[in-house]
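Morning, everyone. Please take a look at the structure on the screen. I'll talk you through the pockets, then the salt bridges.

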Amino acid sequence: LKRTLKLKADEIIASWLPLSHSFGLITLHLLAVIGNYTQVIFSKELFAYRPLVLLDIVSKYRVSLTGIPNFAFQSILNEISEQDYLWDLSSLKCIINSAEPVNYDLCIEFAKQLKQYSFDAKAICPMFGMSEVAGGIAISKPSDLLGIVGTDGTHTISVQSDQRIDQNFTCVIGENLDACTIRIVSDDGKPLGENTIGNIEVLGNNVFSSYFDKKQNEEAFTQD
């Protein structure tokens, strides 16, 4: 994640996510510990009471990286009124959107509402991950604009944001982290071609070694 996001020594990370969840613990807290980055940690109760506190903290402490689930983007938008909040969000280089399906329209509206506070739309980085792989599998880079991809049920298809059918498109997540490789397979385990919808298999040093339950291991792991 450090390499993919091109993090530097002076990063400042803010988070309200509980350390009992892999997103809060691994993706943000342990990333800061390993990278020796400054952390600003506040409670989930405070965020729930006043979601805008995250933007207060970003502006006050010049936060460069944070992460929130998709619903939290909506929670923040719900609280924004017509007043001038005097935020400066120009320091925020990456806000990871993960732990829930990513809503493209919501991300676009979020960026639109915060543009007046020097928020860069490219800072929104959708990420797909699992606890079993120590957090992230694939993520969009901060240099990438949000994109969408359509589906016809079996394949992905290129689609423009103003030509989509809502139930047949999804937000582009990005490329796999360099710690792991991904392949897409059919229900019987056969590798599928590019742009084909199927099951995700992951291989890498970040993949955990086993479940506690032996039967789960037999169902989850392949021969290779």
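What follows is a short walk through a predicted model.

The largest pocket has a volume of about 1200 Å³. Its lining has 36 residues. Find the centre, and look for Phe 128, Cys 171, Ile 173, Gly 174 and Ile 200; those are the closest to it. Which element gives the most? That is E5, with 4 residues. By class, the lining has 17 nonpolar, 15 polar and 4 charged residues.

Now the second largest pocket. About 520 Å³ of space lies there. It is lined by 18 residues. Nearest its centre are Glu 201, Val 202, Val 207, Ala 220 and Phe 221. Strand E11, strand E12 (199-204) and helix H7 (214-220) each give two or more residues to the lining. E12 gives the most, with 4 residues. The classes here are 11 nonpolar, 2 polar and 5 charged.

Keep Glu 201 in mind. On to charge pairs. Side chains of opposite charge can pair when their charged atoms come close. How many salt bridges does the structure hold? There are 7. I'll take three of them.

Arg 183 pairs with Glu 201, with the closest N and O atoms 2.6 Å apart. This pair links distant parts of the chain: Arg 183 is in strand E11, Glu 201 is in strand E12, and they are 18 residues apart. Are these two buried or exposed? Arg 183 is partly exposed, at 33% relative accessibility. Glu 201 has a relative accessible area of 19%, and buried means under 20%, so Glu 201 counts as buried. Salt bridges with shared partners join Arg 183, Glu 201 and Asp 224 into one network.

Next, Arg 62 and Asp 88. Their closest N and O atoms are 3.5 Å apart. Arg 62 lies in the loop between helix H4 (53-61) and strand E3 (65-68). Asp 88 lies in the loop between helix H5 (70-79) and strand E4 (94-97). So the pair ties together parts that are 26 residues apart in sequence. Arg 62 is partly exposed at 32% relative accessibility, and Asp 88 is partly exposed at 32%.

Last one. Lys 44 bridges to Glu 45, with the closest N and O atoms 3.2 Å apart. Lys 44 is partly exposed, at 43% relative accessibility.

That's my tour. Thanks.

Note on methods: Residues are numbered from 1 along each chain as its sequence is written. This is a predicted model: local features need pLDDT of at least 70, side-chain atom pairs count only at pLDDT 80 or more; totals for chains, interfaces and linings use all residues. Side-chain values use heavy atoms; hydrogens and water are left out. On a 1 Å grid over the protein atoms alone, a cavity is a set of points where a 1.4 Å probe fits but cannot get out, and a pocket is an open set with protein on both sides within 12 Å along at least five of seven lines; lining residues have an atom within 4 Å of a point. Grid points are joined across faces, edges and corners, and a volume is the space filled by probe spheres set on the points. Ala, Val, Leu, Ile, Met, Phe, Trp, Tyr, Cys and Pro count as nonpolar, Asp, Glu, Lys and Arg as charged, and the others, Gly among them, as polar. A salt bridge is a side-chain nitrogen of Lys or Arg within 4 Å of a carboxyl oxygen of Asp or Glu. Buried means under 20% relative accessible area, exposed over 50%, partly exposed in between (1.4 Å probe, protein chains only).
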